Amino acid sequence: MSFDSIISRRLGDSPACDKDAKALQFIEELTQNADGVQQNVLAEILSRNAQTEYLKRFNLDGITDRETFKSVIPMITYEDLQPLIQRIANGDRSPILSAHPISEFLTSSGTSAGERKLMPTIKEEWDRRQLLYSLLMPVMNLYVKGLDKGKGLYFLFVKTETKTPGGLLARPVLTSYYKSDHFKTRPYDPYNVYTSPNEAILCADSFQSMYTQMLCGLYEREEVLRVGAVFASGLLRAIRFLQLNWSQLTHDIRTGSLNPKVIDLSIQECMTRVLRPDPELADFVAKECVKENWEGIITRIWPNTKYLDVIVTGAMAQYIPTLDYYSGGLPLACTMYASSECYFGLNLKPMSKPSQVSYTIMPNMAYFEFLPHDPNSSGHAQDSPPKLVDLVDVEIDKEYELVITTYAGLYRYRVGDILRVTGFHNSAPQFHFVRRKNVLLSIDSDKTDEAELQKGVENAIQLLHEFNTSVVEYTSYADTNTIPGHYVIYWELLVKDPTNSPSEKVLNHCCLAMEESLNSVYRQCRVADNSIGPLEIRVVKSGTFEELMDYAISRGASINQYKVPRCVSFTPIMELLDSRVVSVHFSPSLPRWTPEPRR
Ligand code: AMP
């Protein structure tokens, strides 16, 4: 379906402005000629990088056609590339992956050996990503009118950056973006004005940054038309922040002064232009916040909010009920699908229900291939070698793993995301984000897999040896009823000598021992971002896991194939486990985390 028909069907009028019309036209052109664009992208990537060490290995000899590419270049994972990435990180400036110099590393929330993956990027990549950003509002303006009449309250943050031994910056992709001129000196666009000043977004101290952004959002409460954060967890953290800090915030509004804890000089300077004594506003905010019931707090404080702009697809879907509660059911807009490796595409119907969100991959961003994903396949070597499918050849309702070839030098790289095709916009397919492979637990940007959880349990069990106690079985649960959410691990213990059972203190320390061995993204969320709460161990009565098995079998599981699920979320199972809890324990302190990798 073309935009023209969407427009006439939904709104009965035209794009909001000339700029929007051009952007929508651009989307039309790209998606009408998706295969041609893909072919050109591949040819461009292969020809400009023909002399790189990586491509020379495969003797492409400057050939840029698809068939040759597919027959000689292998599909790879991060681990395959790691030795090359390490050389770049150590300062080797020769063209290893990309003919264009690697300008920095973007640190993914996906980890390898417990540390963030380092994704090479090149300067021009920001032009491509900026282009994708520039398409978001023109699409949104088709569905929501009048966004030029107010502002967006977006909670945006930078995180710590480090340098590799060779001197390249390593930082999360959004930190890189917010610090770039593309963001800092963006031209004024009436459809895209934020209440948060750049100075607040760019302050690395998360308290000062959040405090200032919230204060500005409160001052401009009547102008706010949309409220957002990147992920749902981030927006809920902002609500929690308001719960904890409204008293000081309203004091500042009442007096026109700034909380002395905000010591960042550039924030102090810019806030002189915002702060003014406004006792009436302070009374209003305090009156709303002091209430026990925070249902609909977002629309009570920001009454003109038309939608929440947060990603609630994938792991973030767990936050939808809480967001609905705080917003009184405002529409949730998921606008784009992106990663450190590459920005993929956007949602052409951003006001659709979260369960119906599909992202249209933009064929100019990279060369995209799709590995058919069969949830029942063993993945063993004897299975016939997988054949990758091109962007325009994917089939509706089938699931695929995304494989990308980027300008920055990833060739046939497995991203690890599983997508299901829901339809096409012109010739470009649209995908439902199904899940990321191998993620068991996730609260914020953390992703913990089964092996990491197992390692955590093993680490904690060490503390039980001297008490002659072992963990018979365990499972886990991402508890998002608390803000921030936290990991819950259910343990069934075998205490061989009841006269010498592990004390409360030892079990608390088991929580910490688990956290210490979880990956660095988890520990950063705990320590620096405060976006995950202390890990909890719930010790359950002996025999509980047998009951769990009985329950699964009663529901049709095969007794021979039954395995304890390492993560649970099904309510009856949770209820069973919780009804058998004999003691609960929390991590007594923060795990260790430094911005530098451990190795
Ligand atoms: P990172 O490399 O840390 O930026 O994380 C990128 C990953 O976040 C992607 O590969 C997805 O697994 C996930 N992600 C990004 N955008 C979305 C989205 N719109 N919906 C669901 N998951 C997403």
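This is a predicted model: local features need pLDDT of at least 70, side-chain atom pairs count only at pLDDT 80 or more; totals for chains, interfaces and linings use all residues.
Residues are numbered from 1 along each chain as its sequence is written, and side-chain values use heavy atoms, with hydrogens and water left out.

Me: How many residues surround the ligand?
Reply: A residue is near a molecule if one of its heavy atoms lies within 4 Å of it. The closest residues are S109, T313, M336, S340 and D417. The number that surround the ligand is 15.

Me: Which strand supplies the largest share of the shell around the ligand?
Reply: Strands are DSSP runs of E with at least two residues, and helices are runs of H or I with at least four, numbered from the N terminus. Strand 1 (102-112), strand 9 (336-338), strand 15 (413-425) and strand 16 (428-436) each supply at least two residues of the shell. The largest share, 3 residues, comes from strand 9.

Me: What distance separates a polar side-chain atom of T313 from a nitrogen atom of the ligand?
Reply: A polar contact is a pair of N or O atoms within 3.5 Å. A backbone N or O atom of M336 lies 2.9 Å from a nitrogen atom of the ligand, and a polar side-chain atom of Y359 also lies 2.9 Å from a ligand nitrogen. For the polar side-chain atom of T313, the distance is 2.6 Å.

Me: Are helix 12 and helix 14 roughly parallel or roughly antiparallel?
Reply: Axes are lines fitted to C-alpha atoms over the stretch in contact, and angles run from 0 to 180 degrees between N-to-C directions. Angles under 35 degrees count as roughly parallel, over 145 as roughly antiparallel, 65 to 115 as roughly perpendicular and the rest as oblique. Helix 12 (residues 232-255) and helix 14 (residues 279-289) pack at about 165 degrees, with axes 8 Å apart. Helix 12 is therefore, relative to helix 14, roughly antiparallel.

Me: At what angle do helix 20 and helix 21 pack?
Reply: Helix 20 covers residues 544-554 and helix 21 covers residues 571-579, with their axes 10 Å apart. The two helices are roughly antiparallel to each other. Their packing angle is about 155 degrees.

Me: Which residue is joined to P484 by a cis peptide bond?
Reply: Most peptide bonds are trans. P484 is found in the loop between strand 17 (469-479) and strand 18 (486-495). With omega at about -5 degrees, the cis bond joins P484 to I483.

Key: A polar contact is a pair of N or O atoms within 3.5 Å; within protein, one must be able to donate a hydrogen and the other to accept it, and residues adjacent in sequence count only if both atoms are side-chain atoms.
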